[in-house]
2 protein chains.
Amino acid sequence: MLKERLRCEVLKNRVMEPEQAAQFFKKGMTIGTSGFTPAGYPKAVPLALAKRGKKGEKLDLTIITGASVGEELDGELVKTGIMKRRYPYQTNKAVRDAINQGKIEYEDMHLSHTPQWVKYGFFGKIDIALVEAVAIREDGGIIPSTSVGNSNVFVEMADKVIVEINTSQPLALEGVHDIYSPKNPPNREPIPITKPHQRIGTNYIPCNPKKIVAVVFTDIPDKTREVAPIDENAKKMASHLIEFLKKEVELKRLPKNLLPLQSGVGSVANAVLAGLIESKFEDLMIYSEVIQDAALDLIDAGKAKFASGTSFTISPSRLKNFYDNFDKYKDKVLLRPQEISNNPEIIRRLGIIAMNTAIEVDLYGNVNSSNIMGSRMMNGIGGSGDFTRNAYLSIFTTVSVAKNRKISSIVPMVSHHDHTEHDVDVIVTEQGVADLRGLSPKERAKTIIENCTHPDYKEPLLEYYHDVMKNCIYKHTPHSLEKALSWHKRFLETGTMKK
Amino acid sequence: MLKERLRCEVLKNRVMEPEQAAQFFKKGMTIGTSGFTPAGYPKAVPLALAKRGKKGEKLDLTIITGASVGEELDGELVKTGIMKRRYPYQTNKAVRDAINQGKIEYEDMHLSHTPQWVKYGFFGKIDIALVEAVAIREDGGIIPSTSVGNSNVFVEMADKVIVEINTSQPLALEGVHDIYSPKNPPNREPIPITKPHQRIGTNYIPCNPKKIVAVVFTDIPDKTREVAPIDENAKKMASHLIEFLKKEVELKRLPKNLLPLQSGVGSVANAVLAGLIESKFEDLMIYSEVIQDAALDLIDAGKAKFASGTSFTISPSRLKNFYDNFDKYKDKVLLRPQEISNNPEIIRRLGIIAMNTAIEVDLYGNVNSSNIMGSRMMNGIGGSGDFTRNAYLSIFTTVSVAKNRKISSIVPMVSHHDHTEHDVDVIVTEQGVADLRGLSPKERAKTIIENCTHPDYKEPLLEYYHDVMKNCIYKHTPHSLEKALSWHKRFLETGTMKK
Ligand SMILES: CC(C)(COP(=O)(O)OP(=O)(O)OC[C@H]1O[C@@H](n2cnc3c(N)ncnc32)[C@H](O)[C@@H]1OP(=O)(O)O)[C@@H](O)C(=O)NCCC(=O)NCCS
Ligand SMILES: CC(C)(COP(=O)(O)OP(=O)(O)OC[C@H]1O[C@@H](n2cnc3c(N)ncnc32)[C@H](O)[C@@H]1OP(=O)(O)O)[C@@H](O)C(=O)NCCC(=O)NCCS
């Protein structure tokens, strides 16, 4: 087994225990790790680092990942005080709490920005790249596991590389990755992808074995999450969305097999993709970040031909089946670095249909994806901006109410802006679809109130709109600066947005 | 002259008076016109259309342009009630007033979205393309004048084409354009530009002469504006910016001759570019939308090697000199369609340094470029989002106060969001520079208050920040929903943001 997994002779004497590898980490270092949505992140070395933290050591590490990672890394390092700073995305409860309590510094970044910032030197030096792999090749090349994320970039730019070979991740994954790293400007060339399934790189991360200072073996599995069961609201949103897409095909604004689909993280996004299984669409292509359960289901149903992503985020109950049948999927899936999966060049060229989830949307079509009531960080913007901004069609889904109808997800003004009116084409709630393309702000407001708002909040929203249309001197995006955020304020004070 | 300008035999009997050409326009039509910042827009036919309006005809036209156009088109059509709907950008006083009074519908769009929306059919059918040219070739090919904008796309997609040959625009412009139109997805290929000066297309807009229903001759010159004299504040901003760029070169985060520069519209943007003339930088490249006076000055000074844009927006006093010496500039300038000048693929690949002007900026780095006090449309987002979002470095400049210090351009929360915290790297005011890269929101707030805020507003801003840090339960982007927009409210009520 060791022979199959560690094929590079010179590295054999650099195999060590996690505790030993953890000694490479010094105070104030900047660490780049693998991992994208709890998949393919390092586990054993972070757990060993956490032990140092428990003993009271202060390391103040800066942790840069692909996207969210699991409890062994995010949870443990934050609880033991080892992590001081975090980029670019997280979904971990302990990290989220630390951010919202102001205990750690978090910059919520577009996921396509992170790799180029590393390469441009905007983060300073990357001291250690800590990446999970299924194997290391003879030449030192690293074969990633269930995600690529920024691993290739960290390996390229770091002084030292530590590899965790995870034997719970099947060797069958070898061959599923496609690693390509564009040069920095002014020497960048076109990225030669014109179809989602195209391969342009190597199936391993090139690495000079000299840089690899430690190899650690582990068998701790990815801690992915179960996807929420698909409820009535999700079904309604999926069905509205599919009706909308059908009409676009009839109007000849989309090809019969649509265009490559991107679908965000979370239960709503998964449900919407799942809805396509029942649809008449065929030969679908997926060009996304995460390959979730629903993408596999679409492949199984013969509906999707190919899925390109940067991580497999498969639920625990589905994972065994996925691995056992990996041969069936192998030529239908592909993992790329997030510098490529989220690249504006490719997204614009392929003409992606981007489907992401909003926390709240306002009358004029602005979207909040990250901060509840303006200040409480949920996860982050993730790749939603990369896709939304450069898509062929950019769609946001959200249930029209939250917290037992005490919150309307359609508000006069969003309390935090992640995607502006300029970037949002279509809003889908369980109530219906608002197609905002070509509409002035006032027209958008009417469409959103009419088609997307929950009955409980239709009257109050109309009241706000009529009030500002009457009383605001300027009628482009009329607002009352007094009342625009008053719904959120009321919720914070009384526990409901209702009067 | 007519022979040189109109070289296509079959079109000679379609030369007509503007009034006759104006008869092609029917109620409710969608018209695509040339013009990008008051340059290269049609003049004679719009003036004739305005006459129909003055007679009381209601045409309710939808007007889509490249960007802003001159009084003969925007001003006249809105004043005579001919225009009902307007995309994607404007700077005309009469249009702005009509928008703010709610008399016409305006959708403020990213300039790179407009051409593809036309090609995707999102605007419906384009009934007439009305474009200014310096000449028409034997084969019907149209040679644009001082801008390309969306002219090529309108000509490609419209049922009927009307060409205004403007004899005030020199024939010497022939050869300066580079026309290329990417196919729609799923058939789009990489756009093969890797350097700002590269030519990839034809120097004319291909057009089947059968589509050209009218040719009108005119000699009305472009109504460009004088640039404001460079004042003390502009000089300070330019010098801060240059210091910042120098440091980036020292840190090896930028090459010695920088990377291609984009610079927005307006007097501040022009002043900042002009500041580079005094700097030590050499061999600069410009890849922008507008080629303003300062770009020519940089070429004259031997500082800039090349300027690629989609329009020449040269001030009236500079224009004659530019035309008279056009031979000197001809191989140093190039005009592309805005689908190419503003394309995310090229902007990301070339690694553009984007420098745009903000109306206001908030503590966390969000930028308002378009709506004063949240509701009053100024111009629009224009191309600032196209560049900002995909740039190597995205910089915003703004004077720290406006209206005789009654307004602070640094506020607790911007009253309208065009560019979110995720897209803004650096803020420059006459006070100094805030480098926001890698900073958490709280760190950004401190840097912006410290380095960019006017002394009159430093205390009040610090007070807001300390207040929300203390009283807001959530400390990621702490805000007071009560006070966040209170500065704007105070200004609207009392005429000043000061207490
Ligand atoms: C927006 C996002 C949080 C939604 O997640 P989801 O699991 O699909 O949606 P849910 O409906 O379960 O909502 C998640 C939580 O937000 C709450 N919520 C939803 N809308 C809300 C609103 N308007 N106000 C307050 N809370 C709201 C829900 O009640 C739920 O709370 P809980 O965790 O306490 O139960 C998630 O999609 C996200 O983080 N998106 C941003 C990043 C992104 O889009 N990435 C895509 C590519 S990486
Ligand atoms: C933002 C923008 C309006 C600034 O224009 P400018 O000519 O450089 O800047 P000025 O300082 O002269 O300001 C223009 C006006 O806004 C006012 N203003 C500036 N800051 C303000 C603020 N914070 N609040 C209210 N008004 C403000 C000025 O007082 C001035 O008003 P006036 O016309 O009544 O005199 C302009 O750059 C723009 O429209 N940008 C958006 C589009 C864009 O960036 N395009 C780039 C590529 S196309």
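How far apart are the end C-alpha atoms of residues 12–216 of chain A, and what percentage of the chain there is helix and strand? Over this stretch the chain is 23% helix and 19% strand, and the end C-alpha atoms are 11 Å apart. Helices (H or I, at least four residues) and strands (E, at least two) are DSSP runs, numbered from the N terminus. An unreviewed UniProt entry places the feature "domain: Acetyl-CoA hydrolase/transferase N-terminal" at residues 12–216 of chain A; UniProt positions follow the numbering used here, feature names are shortened, and annotations may be inferred rather than shown by experiment.

The model is predicted: local features need pLDDT of at least 70, side-chain atom pairs count only at pLDDT 80 or more, and totals for chains, interfaces and linings use all residues. Residues are numbered from 1 along each chain as its sequence is written, chains are lettered from A and ligands numbered from 1 in the order in which they are written, and side-chain values use heavy atoms, with hydrogens and water left out.

The buried residues are A94(A), V95(A), R96(A), A98(A), I99(A) and N100(A), and their cover includes α4 (71–79), β3 (83–87), β4 (105–106) and β19 (376–377) of chain A. After α5(A) comes G102(A), whose phi is positive, near 75 degrees.

H177(A) sits in the loop between β7 (160–166) and β8 (212–218) of chain A. This histidine is buried, with a relative accessible area of 0%, and its side chain reaches the backbone oxygen of S145(A) at 2.8 Å. Its contacts (heavy atoms within 4.5 Å) include P144(A), R199(A), N203(A) and L334(A).

E289(A) counts as buried at 5% relative accessibility. Among the residues that E289(A) touches are F36(A), L111(A), N342(A), G383(A) and F387(A).

Turning to the interface, 84 residues of chain A are in contact with 84 residues of chain B. The two chains bury about 7200 Å² between them, 53% of it on carbon and sulfur atoms; buried area is the accessible area (1.4 Å probe) that two parts lose on being put together, summed over both. In chain A, R348(A), H422(A) and L481(A) lose the most area to chain B, together 11% of what that side buries.

Twelve salt bridges link chain A and chain B, each being a side-chain nitrogen of Lys or Arg within 4 Å of a carboxyl oxygen of Asp or Glu. One of them joins D386(B) to R389(A), with the closest N and O atoms 2.8 Å apart. Helix α14 (residues 344–350) of chain A supplies the largest share of the side of chain A that touches chain B, five residues.

Key. Buried < 20%, exposed > 50% of the residue type's maximum accessible area, 1.4 Å probe, protein only. Polar contact = N/O pair within 3.5 Å; in protein donor to acceptor, adjacent residues only side chain to side chain. Lists of a residue's contacts leave out its neighbours within four places in sequence.
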